[in-house]
Amino acid sequence: MRKYLLKRVFYMVLTLFLVATITFFLMKLMPGTPYSNQQKMTQQQIQIMNQQYGLNKPIWQQYVIYIFGMLHGDLGTSFQFSNQPVSYLISSRIGASAQLGAQAMIFGVFFGIIIGSIAAINRNTWIDTTSTVVSIIGKSVPNFVLAVLLQYYIALKLGWFPIADWGGFSYTVLPTIALGVGPLAETARFVRTGMVDVLNSDYIELARAKGLSKFGIVYHHALRNSLIPLVTLIGPYTVALMTGSMVIENIFSIPGIGEQFVKSILVNDYPTIMGVTMLFSAGLVAIILLTDIVYGIIDPRIRLSGSEG
Amino acid sequence: MKFNRLAKLGLVAAFSAIALAACGSKSTNSSMASKQVLNWNETAELPTMDLSTATDTVSFDMLNNSMEGIYRLGKDSKIEPGLATKTQVSNNGEKYVFTLRKNDKWSNGDKVTAKDFVYSWRRTVDPKTASQYAYLFSGIKNADAIMNGKKGVSTLGIKADGNYKLTVTLEKKIPYFKLLMGFPVFFPQNQSAVEKYGSKYGTASKYMVYNGPFTLTKWTGSNLSWTLKKNNNYWDKKDVKLSAINYKVNKSNTTAYNLYQSGKLDETNLGAEQAKQLSNSKDYVVRKNASTFYLQYNQTKKEFQNKKIRQALSMVINRKQFVNKVLGNGSTAAKGYVSDGLAKHNGKDFTDSAYVKSAVTYNASEAKKLWAEGLKELGVKDLSFTILSDDTDAGNNTTQFLQSQIEENLKGAKVSVENVPFKTRLSRSTNGNFDVVVTGWGADFADPISFLDLFTSSNPENNGKWKNTQYDKLIEASKTTDASNTTKRWNDMVQAEKILMKDQGIAPIYQQSLATLVKPKVKGVIYNSAGVNYNFKNAYISK
């Protein structure tokens, strides 16, 4: 197991290094300068500015300087927010994004499992049909549409929750729902399919014959087995929540990192682009490793084959 | 009993007296609401409060309201007293002596003195500061040499004689010099604060000192809300009515509009669709920008050297229909290249004086005629070209509209469109890598020269390479021989714009504006189209 983990961590670092390298050179291919006022500056002034920021050096030198700085935990200073270290921009805004993402994930997975299980147990009844319809709607309505609807009807018309902004828990409810409905729908579908299969299997028949309660069968036997495919979904969910949060943060005026990322690309804010890309990649790679480990814990067969390789 | 009645009468009399006395006090006070707090919407973060490195409108707006310079720009960009109590200008217009008031303080308790200006200006032009707006100092003695690293900052033409006398020396007369003094990049900075906070200076409200009508609070450097609080150290605090302005960043227009409806905001920007629906609302206010979008022809290419082709492409654009039906965001049809509402002379707006109707008016039949003649002169039957523009909503709408209008009306015209990110569009323009580009230009200060300078043949940003010797001469005269004569200078610029328009060197399309909603109870907000937009010094909330 330890050997397996070490190998995985090595690949992780390698992946991140490749991401950093590729992003750096792609970014340098983007036209224009990071100066918002470049139209009005003379060529001479742009040259002096480049000198100040070390942008006149050959690209490979800039690359070496950047990687060296990153290894020392220095992500550079933002162009757009003058003098502001990128590490501060990220650390001051990552909290809101992380909280929102985590809440949406918990909300989606938790209610997804409940709805999926209920649907499977009550297979082919109106409950099942309703949950399927809800899942399909949840999956096909884009989260920004849902966000706008929730904001208008629940917040503005009914006044149950704040329209936008970021403060206490009440501010997080609507964005969490908007962002979490996608994972909820997907989870419900997976859990239902998995559980229907499991409920038809011989050992459940046996458990039933032993006289176990319905709840006992579902909770102890069926649920655990039907959760295995779900673990593979956590990775893609994380990606969806990260990208989805950019729009949701925008709609609910949440001081998160997603929106910052889009803006930094548009204005050629090189250090911020690199910083946020590295953060997102590191998060993703870590989640993938984590899911593989969790997968092993839930399904011992995978753990065995993993340690062999 | 009797006594009781008398007492009652007495009370009534007393109350009446108080009421009458209240009526007699200043009328603004009686019409003002008791709570003077304004809730304002912003669409972007506040990136910096360092006036030497600021580049965006949010920063400049916050600086303008929390700092004070030599002058403050009032309504219609009129110069109002700031720190200067007296201004002396030498006969040749190359030397300004400002006498500063003695009663303004920094928020750290230091007095605001002439040395703060000297320090601030030197800091901005120092190449090490990497200020993107330092080019506005060009024309002040030695500024260019310092910016290019050829001279030291101490040679800059600004000098403090004692604490309250400031002398500025120019290389040549700058007719709009006083206007510049109202722009935050020319405001003073407190040396001890800059040095104390070092690299943190201006990165959060606590790493900054203020000397203006308000002080900034609750800004962490990256958050989405902050507050301007009335500054009790301000020299003219009696004229500042608002106790606070709360800013909230809402990047989604829909969200901001919902907050506006719920009463959480007193102002909001509108998107195009909202603006179309709400243009009859009593809260609807259009804020004109000093920025014009126009077609720039690449005149290194033979087909666009033909004036008839250029004219035909301009006449085929139905600008009114475009701004009202397509853009719908409050923007107006361009009257010319220089923006409307920017500058006036003897009460007449520049755009009215320099108006060339045929250059900005839809005339399909004339366009068809000119197009056919143009093609004949070029010796071709058809002409295909590409229109380059931004990949924004406005950019996409513009190219689609142009494409359909041109292909519908002009026989043999084949238009392809290319919508690219702003930075790509800029670099392609600079490199001359385009046929026709939809591009914009915004003025930094309220003077037509801020626009007209662009199309002199020596200007490196004249990407279309339109050239006209008469135009160049007029612009040169406005800066030299006619610089001291306001009327002559004005006429030079009017003539220059007319030449540009008659030759259809470019085809102006629209003047960018912003549709907003403002609660009618908000009064006294000053908005200027160029340079700094908002001035809240005298704003208040009525009952």
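This is a predicted model: local features need pLDDT of at least 70, side-chain atom pairs count only at pLDDT 80 or more; totals for chains, interfaces and linings use all residues.
1. The contact between the chains. Chain A contributes 42 residues to the contact and chain B contributes 41 residues. On the side of chain A that touches chain B, at least two residues each come from α2 (43-52), α4 (86-121), α6 (143-157), α9 (214-251) and α10 (258-266). The largest share is that of α2(A), with six residues. Sorted by class, this side of chain A holds 19 nonpolar, 19 polar and four charged residues.

2. The sheet in chain B. Four strands of chain B form an open sheet in the order β1-β10-β9-β8, and the pairing is mixed. At the edges are β1 (37-42) and β8 (214-217) of chain B, each of which pairs on one side only. From one strand to the next, the twist averages 20°.

3. One strand pair in detail. Strands β9 (residues 225-230) and β10 (residues 244-249) of chain B are antiparallel and share five bridges. Within this part of the sheet, L228(B) has I245(B) of β10(B) opposite to it. As background, strands in a sheet pair through backbone hydrogen bonds, in either the parallel or the antiparallel sense.

4. Helix α3 of chain A. This helix covers residues 59-71, which is 13 residues. From the first C-alpha to the last, α3(A) reaches 18 Å, close to the 18 Å expected at 1.5 Å a residue. Just after α3(A) comes G73(A), with a positive phi of about 80°.

5. In general, most residues other than glycine have a negative phi. N83(A), which is not a glycine, has a positive phi near 70°. N83(A) sits in the loop between α3 and α4 of chain A. In chain B, A130(B) is not a glycine either, yet its phi is positive at about 55°. A130(B) belongs to the loop between α4 (114-125) and α5 (143-147) of chain B.

6. Surroundings of these two residues.

Key
Residues are numbered from 1 along each chain as its sequence is written. Chains are lettered from A and ligands numbered from 1 in the order in which they are written. The expected span of a helix is 1.5 Å times one less than its number of residues. Two strands pair if DSSP finds at least two bridges between them. Axes are lines fitted to C-alpha atoms, for helices over the stretch in contact, and angles run from 0 to 180 degrees between N-to-C directions. Two residues are in contact if their C-beta atoms, placed from the backbone, lie within 7 Å. Ala, Val, Leu, Ile, Met, Phe, Trp, Tyr, Cys and Pro count as nonpolar, Asp, Glu, Lys and Arg as charged, and the others, Gly among them, as polar.
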